[in-house]
Amino acid sequence: MLDGRRILLIISGGIAAYKSLDLIRRLRERGAAVRPVMTAAAHQFVTPLSVASLCEDKVYGDLFSLTDESEMGHIRLSREADLVVVAPATADLIAQMAAGLAGDLAGAVLLASDKRVLIAPAMNAMMWAHPATQANLATLAARGVLRVGPNAGDLACGEVGAGRMAEPLEIVEAIERCLGGAGRLAGRRALVTSGPTREPIDPVRYLSNHSSGKQGHAIAAALAAFGAETILVSGPTHEPTPAGVKLVAVETASEMLAASEAALPVDVAVMAAAVSDWRVATVAPQKLKKDGKGAPALPLVENPDILATISRRRNDRPALVVGFAAETANVVANAQDKRLRKGCDWILANDVSPGTGTFGGDRNTIHLVDGAGVEDWPAMTKHEVAQRLAERIATALGPAAR
Ligand code: PMT
């Protein structure tokens, strides 16, 4: 049920807009209030009168309407919803979102919004497969925009392929999933580590790894969306800071440990960072030069283990400590061993062998190892992994004491 939930529904101009009328009906049946925004192109496919009648609310569409702006400015429109849904999301609107353009009301509302956004793309199969559309979708996914569909099948243009907007009931289910989590971690504090560490060799060189921060940042975004006060301690990445998350940027493992300890107490800690196990014993104060005597020896010393340190804190150990295990062989067995050695409660094992694309890619396949056994998750996007983990964490912690 969606009793009392407020959905801001943006309808853009595609033939699938007719399905949005059914979507509104289904949402209203479940008790949601639906406030509609239509792009100019959407008016070519469904009438504002039909949309307004089903929503029992006026249709917004004009960024420069004095009446609309005085009654309900675009900033308020974007803030008063529990969720922003774009259905259908055309290739054009997706590109507009990725570029952050605010030339019409839909774009302005999306840019000014501090709420989660769910898109239901609908377009021709070639438009869907085009690298421009796929790059725009990757940009939106990295910002935490959620997506349902599209499905494959007969398209309105007569072609067959991926591009059919998800059916209204599928969109309703996705909305229920998004809103189901909201507030489940309210009153909780979460710590997430993400990205690589960089261990300096000299002022210009360092030891590091291929972590992009995509998985850790997605987890921080999901925990924040569930209502947790979330601190993200991250090594250098190109990932945008998720909405509502406090970022502490670090470089080395020692800095990551200090920032993680400073974030305590927290209810849950998720250590997704790829921390360098070693650093050079002595960092050269000046750039190392080729001196004709061969390559310099670089003795290494072990870095502190952040996961093990947090797991063994006496007075302020988080109620739930979740580690990752990045393995290239015997993935589950090594992860089980690592969980016991490091003292964490759960460990998410993932295969990082070359060819899996786990490091830096958008997808991951997780085996969740805990004291009870192993749960194999199917391959999914890193955002879906994050959502599933946040749900499991919320269930494990239960509601916060008031
Ligand atoms: O960043 P992406 O490109 O999205 O890739 C995601 C990922 C592959 C980095 C991520 O899913 C992942 O597996 N993170 C853990 C990487 C890692 O360092 O694994 P590990 O098996 O070496 O370490 C085990 C655990 O100990 C991890 O939780 C790690 O954060 C922690 N650790 C390791 C060494 C150390 N000195 N301190 C630690 O806290």
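I take a salt bridge to be a side-chain nitrogen of Lys or Arg within 4 Å of a carboxyl oxygen of Asp or Glu. I worked on a predicted model, where local features need pLDDT of at least 70, side-chain atom pairs count only at pLDDT 80 or more, and totals for chains, interfaces and linings use all residues. Residues are numbered from 1 along each chain as its sequence is written, and side-chain values use heavy atoms, with hydrogens and water left out.

**Domains**

I looked up the domain assignment, whose bounds come from an automatic or database source. The chain is given domain 1 (6–181) and domain 2 (189–397). I found their C-alpha centres 35 Å apart. The contact (heavy atoms within 4.5 Å) takes 7 residues from domain 1 and 6 residues from domain 2.

**Interface**

I noted about 670 Å² buried between domain 1 and domain 2, with 54% of it on carbon and sulfur atoms. Buried area here is the accessible area (1.4 Å probe) that two parts lose on being put together, summed over both. In domain 1, Arg116, Ala142 and Gly181 lose the most area to domain 2, together 57% of what that side buries.

I searched the interface of domain 1 and domain 2 for salt bridges and the rule gave 0. For polar contacts (a pair of N or O atoms within 3.5 Å; within protein, one must be able to donate a hydrogen and the other to accept it, and residues adjacent in sequence count only if both atoms are side-chain atoms) I got 2 residue pairs across this interface, both at pLDDT 80 or more.

**Ligand**

Ser211, Ser212, Ala273, Lys338 and Asn350 come nearest. A polar backbone atom of Ala273 is 2.7 Å from a ligand oxygen. I also recorded a backbone N or O atom of Ala326 at 3.0 Å from an oxygen atom of the ligand. For Lys382, an N or O atom in the side chain is 2.7 Å from a ligand oxygen.

**Backbone**

I checked the backbone for exceptions, since most residues other than glycine have a negative phi, and most peptide bonds are trans. Gly149 and Pro150 are joined by a cis peptide bond with omega about 10 degrees. I placed Pro150 in the loop between strand 5 (146–147) and strand 6 (151–154). Helices (H or I, at least four residues) and strands (E, at least two) are DSSP runs, numbered from the N terminus. The bond from Leu264 to Pro265 is also cis, omega near 5 degrees, and Pro265 sits in the loop between helix 11 (253–263) and strand 13 (268–271).

Terms used. A residue is near a molecule or strand if one of its heavy atoms lies within 4 Å of it.
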